[in-house]
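Keep the picture open as you read.

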Amino acid sequence: MLAAFSSEVIKAPEELIQAGNRTPSPKKTASKLVDIFLQNTPSAVAIRSTNLMHIAYTHENQPMLQPRSFAAKEEIFCLFEGTLENLARLKQQYGLGKNATEVVLVMEAYKALRDRAPYPASHMVSHLIGNFAFIIFDKATSTVFVASDQEGKVPLYWGITADGYLAFSDDVDILKGACGKSLASFPPGCFFSSATDLRSYEHPKNKITAEPAMEEEICGATFKVERPHLCATID
């Protein structure tokens, strides 16, 4: 799966920008990135919204236990990869039919909490149990919302294209060709949105830092959630 969003919609993390500045390398535009994706996977489907976003996905070569899916409703677009262990319970919680899939559940849960103040849309991520990564674009509010499971079982990467789009994909190689060293793994147990930036839903009070990667590594930075230090006392 692949999604790229204009700087008019979302601001790229400064750490990714700095990673690319430390080791400048060739990049490609977001449009060229999508074109390459479509060339490599002729069965893929692409959705574009003026100059705000590009979304593409395919079922080709998807892991058996981590299928990819897409849904759209009322100007909300959602890409989902993986499975949810508690899907049945969540469908009851959000009043969805028995045939609702993971991608529909995530999209409807996002919309329900977005419209139900004072609950932030990020509140629903902590209720998801399973292996997953998803990308939501809410065109009505120009909001991007991205999240990954706590163990990072479904790979997800993000980077910055030559024309400043923030791109996400489960394929690090296709992003590397377009983002150079402005590239990193998306940190497990975290969510990122144009409203809140990058945060951990597993450890919401903990700071997230980015460490520069070694020159020989594919990614230019590594995002980590800081763990609180435990202090021992001696009587």
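A handy term to begin with: a residue is called buried when its relative accessible area is under 20%, exposed when it is over 50%, and partly exposed in between, using a 1.4 Å probe and protein chains only. What you're looking at is a predicted model, where local features need pLDDT of at least 70, side-chain atom pairs count only at pLDDT 80 or more, and totals for chains, interfaces and linings use all residues. Residues are numbered from 1 along each chain as its sequence is written, and side-chain values use heavy atoms, with hydrogens and water left out.

Let's take the overall fold. The protein has five helices and 14 strands; these are DSSP runs numbered from the N terminus, with helices (H or I) at least four residues long and strands (E) at least two. Along the principal axes, its C-alpha atoms fill a box of roughly 70 × 50 × 35 Å. For 235 residues, a compact globule would have a radius of gyration near 18 Å, and the protein agrees with its 18 Å. That radius is taken over C-alpha atoms, and the globule rule is 2.2 Å times the number of residues to the power 0.38.

How much of the protein is buried? Of its 235 residues, 49% count as buried. Look at the contacts too (heavy atoms within 4.5 Å): among those with a separation of 6 or more, 57% are between residues 24 or more positions apart.

Now for the charges. Side chains of opposite charge can pair when their charged atoms come close. In a salt bridge, a side-chain nitrogen of Lys or Arg is within 4 Å of a carboxyl oxygen of Asp or Glu, and this structure holds nine of them.

Find Arg-68 in strand β4 (residues 68-73). Arg-68 forms a salt bridge with Glu-81, with the closest N and O atoms 3.6 Å apart.

Is Asp-115 buried or partly exposed? Asp-115 is partly exposed, because its relative accessible area is 47%. Shared partners join Glu-74, Lys-111, Arg-114, Asp-115 and Asp-138 into one network of salt bridges. One of its links is between Asp-115 and Lys-111, whose closest N and O atoms are 3.3 Å apart.
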